Amino acid sequence: AQARSCAGGWRPRASARAGSVGAMVVRKLIGTVVSTSMQKSVSVNVRRMSPHPLYDVTIRRDKKYIAHDEAEMTSVGDHVEIAACRPLSKRKAFTVTRVLRPVAGGEPFDVVPLPPFERKPRPEREARLAARAQTKEAKMVNLRERRQREHLARQEAARARREAAGSSE
């Protein structure tokens, strides 16, 4: 790949410069078209799902990218693949490469089903969660025992006060 310079100062990554072997890695994203109100441009919402590092929940992160659509072939609701390119304007540095799943009534072309989301097995995380649950259960047992001891001590103190009050009369 040849290093080019333009108004935005765009250059290929270092792996593609200085006579390296192989093609440049192109960043590709999959998202949904949310707006087609611009000429030869579309707004694509890309959703990332990632597990929270501490809590057992999945976090959704959405980001909108402006992508170049030369043929104006997309409509709102289409699932598209966009690829990074040189900056075409201030906010536009992606181009629509193909329509993966057109919205109902759209003309299908180069249709590829989206890959299903599969959770990877993580035995170390499951072991850590099991250990945490055991620790929590042990703490609850200790708390119950301590509260029971305190309750018995209060009852014994009240009984002693009653006996002391009864014998002083």
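β2 and β3 form a hairpin with six residues between them. The model described here is predicted. Pairing of β2 with β3 is antiparallel and extends over eleven bridges. β2 covers residues 41-51, and β3 covers residues 58-68. Val46 lies opposite Lys63 of β3. Asn45 faces Lys64, also in β3. In a regular strand, side chains alternate between the two faces of the sheet.

The protein contains five strands and one helix. Along the sequence, the order of elements is β-β-β-β-β-α. The five strands make a closed barrel with the order β1-β2-β3-β5-β4 and mixed pairing. Within this sheet, neighbouring strands are turned against each other by 50° on average, direction ignored.

The other strand pairs were examined in turn. β1, residues 28-35, pairs with β2 in the antiparallel sense through three bridges. Here Val33 stands opposite Val44 of β2. β1 and β2 also form a hairpin, with five residues between the strands. In this hairpin, Lys40 adopts a positive phi near 60°.

β3 also pairs with β5, which spans residues 92-101. These two strands run parallel and are joined by three bridges. His68 has Thr95 of β5 as its bridge partner. On β5, pairing also involves β4, residues 79-84. β4 and β5 are antiparallel, with six bridges between them. Glu81 is placed opposite Arg98 of β5.

The loop between β2 and β3 carries several surface features. Tyr55 is located in this loop. With a relative accessibility of 52%, Tyr55 counts as exposed, because the cut-off for that class is over 50%.

Asp56 is exposed, at 55% relative accessibility. Arg125 is buried, with a relative accessible area of 14%, because values under 20% define that class.

The structure holds seven salt bridges. Another connects the side chains of Glu150 and Arg146, at 3.6 Å from N to O. Glu150 and Arg146 are four residues apart in helix α1, so about one helical turn separates them. Both are partly exposed: Glu150 has a relative accessibility of 37%, and Arg146 has a relative accessible area of 42%.

A further salt bridge brings together the side chains of Glu137 and Arg144, with an N to O distance of 3.8 Å. Glu137 is partly exposed, at a relative accessible area of 44%. Arg144 likewise counts as partly exposed, with 48% relative accessibility.

Totals for the protein complete the description. The protein has 169 residues, and 18% of them count as buried. Its accessible surface comes to about 12,900 Å². Carbon and sulfur atoms account for 54% of that surface. Contacts were also sorted by sequence separation. Among contacts between residues at least 6 apart in sequence, 44% join residues at least 24 apart.

Methods
Residues are numbered from 1 along each chain as its sequence is written. This is a predicted model: local features need pLDDT of at least 70, side-chain atom pairs count only at pLDDT 80 or more; totals for chains, interfaces and linings use all residues. Side-chain values use heavy atoms; hydrogens and water are left out. Buried means under 20% relative accessible area, exposed over 50%, partly exposed in between (1.4 Å probe, protein chains only). Contact means heavy atoms within 4.5 Å. Accessible areas come from the Shrake-Rupley method with a 1.4 Å probe; for residues, only the protein chains shown count as cover. Two strands pair if DSSP finds at least two bridges between them. Axes are lines fitted to C-alpha atoms, for helices over the stretch in contact, and angles run from 0 to 180 degrees between N-to-C directions. A salt bridge is a side-chain nitrogen of Lys or Arg within 4 Å of a carboxyl oxygen of Asp or Glu.
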